[in-house]
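The following paragraphs give a guided account of side-chain contacts in a protein chain. Please keep the sequence and the structure in view while reading.

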Amino acid sequence: MIYLDNAATTPVRREALEAMWPQLNGFGNPSSHHQVGEAAAAALLEARRSVARSLGCRPGEVVFTSGGTESDNLAIKGIALGAPRGRHIVTTSIEHEAVLESCDYLRRLHGFQITLLPVDAAGRVAPEALARAVRPDTTLISVHYANNEVGTVQPLVELAAVARAAGVPIHTDAVQAGGWLDLDVSTLGVDALSISGHKLGAPPGIGAVFLRGRLPIEPLLHGGGQERGKRSGTENVAGALALAAALRLAGAERTDVARITSTLRDEFIGTVLRETPSARLTGHPTQRLPGTASFVFPGTSGEAVLLELEQRGIVCSSGSACAAGSSEPSHVLTAMGLPADLAQTAVRFTLGAGTTAAETAEAAASVRAAVAAVARLGA
């Protein structure tokens, strides 16, 4: 099997498992005031400090969550309801469902107005469009760092500068960017940033969100007041340690891994476009995540191509794993201007740090064969 679905989830790193093991093999509630609980609290604090170093923020600005979806929900709902200067939110038409559904919740139940910024054919947001969309009552901007389906990277520093000039907090969903792009929040200029452990080599069930200290936050989960009152519930200490380890290693390796993977990605894209003439690359040709190559194949069915590829030992996806089972065309691709029928032919390949040139060469050959087989069947 050749695994090319790393944007959905990555293999768990051995170092992350080793970091977890002392807590899995032991026990202790970090809120308990006895020796065992205090040991757990000390481990949690070290994990928080490590994540803060990776993000370039203070430990008190890191909140551990159950994953990227909760991190997005906490940032968006928490900031919007914490101390709103108005009831208007600006986001984009190609965000992850966790962002779009959080905004829709605020619209339906709290009377917020939502402006969805358009994107160009490559999936990029223009800073000028953001500047035009901001209003005196805008209370939050949320723009993802990199798209989960096509891999397009946004001009986040420029977008954050627009937000800062307007005095509006800006959140970014950096779930797909983790391990590939710089996550230093001071460099990026963002006020909130979401990450997820299982995209980085930690297990599912752990994530974190950076929330700038000056921001008033309304919590989603109420209870014992853990995480400085921002996220009640007994913390997942083992998961926090795994996330910290995976994030630290990803940061240390990022430059070399991104360079090597980008080369493999470009070779793979070139081979597919050359040997499968109907293939059309989606997303920005250069401003894209190092591991992401996404295509549409006119005249086929994306799901049929996926099945053919799996029979040939290639594991990939038709888009966002979080929208699995949906029969609707990708909202990302239609927002980029693709017709609905063409969007339904999409297939996404996402390389990981361990992907080899031999694997991408075999995958490209399998794409040619799979697309030809589906086309012959008239699927």
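This is a predicted model: local features need pLDDT of at least 70, side-chain atom pairs count only at pLDDT 80 or more; totals for chains, interfaces and linings use all residues.

Lys-77 lies over the face of Tyr-105, at a distance of 4.4 Å from the ring centre.

Four aromatic pairs are found when the whole structure is searched. In one of them, the ring centres of Phe-268 and Phe-349 are 5.1 Å apart and the ring planes stand at 70°, so the arrangement is edge-to-face. The angle decides this assignment because planes over 60 degrees apart count as edge-to-face.

Attention may now turn to the charged side chains, among which 17 salt bridges are counted. Helix 8 spans residues 237–275. Asp-266 and Arg-265 form a salt bridge in which the closest N and O atoms are 2.8 Å apart. How accessible are the two partners, Asp-266 and Arg-265? Asp-266 has a relative accessible area of 41% and is therefore partly exposed, whereas Arg-265, at 5%, counts as buried.

A second salt bridge connects Asp-191 with Arg-212, and here the closest N and O atoms are 3.1 Å apart. This pair links distant parts of the chain, 21 residues apart: Asp-191 is in the loop between helix 7 (185–188) and strand 7 (192–196), and Arg-212 is in the loop between strand 8 (207–211) and helix 8. Asp-191 is buried, with a relative accessible area of 6%, while Arg-212 is partly exposed at 23%. The two residues fall into separate classes because the boundary for buried is set at under 20%.

A further salt bridge is formed by the side chains of Glu-15 and Arg-13, with an N to O distance of 3.5 Å. Glu-15 is partly exposed at 35% relative accessibility, and Arg-13 is buried, its relative accessible area being 18%. Which residues are linked in a network of salt bridges? The network consists of Arg-13, Glu-15 and Glu-253.

Terms used
Residues are numbered from 1 along each chain as its sequence is written. Side-chain values use heavy atoms; hydrogens and water are left out. A salt bridge is a side-chain nitrogen of Lys or Arg within 4 Å of a carboxyl oxygen of Asp or Glu. Buried means under 20% relative accessible area, exposed over 50%, partly exposed in between (1.4 Å probe, protein chains only). Helices (H or I, at least four residues) and strands (E, at least two) are DSSP runs, numbered from the N terminus. Rings of Phe, Tyr and Trp (its six-membered ring) pair if their centres lie within 6.5 Å; planes under 30 degrees apart count as stacked, over 60 as edge-to-face and the rest as tilted. A charge sits over a ring if NZ of Lys or CZ of Arg is within 6 Å of the ring centre and within 35 degrees of the ring normal.
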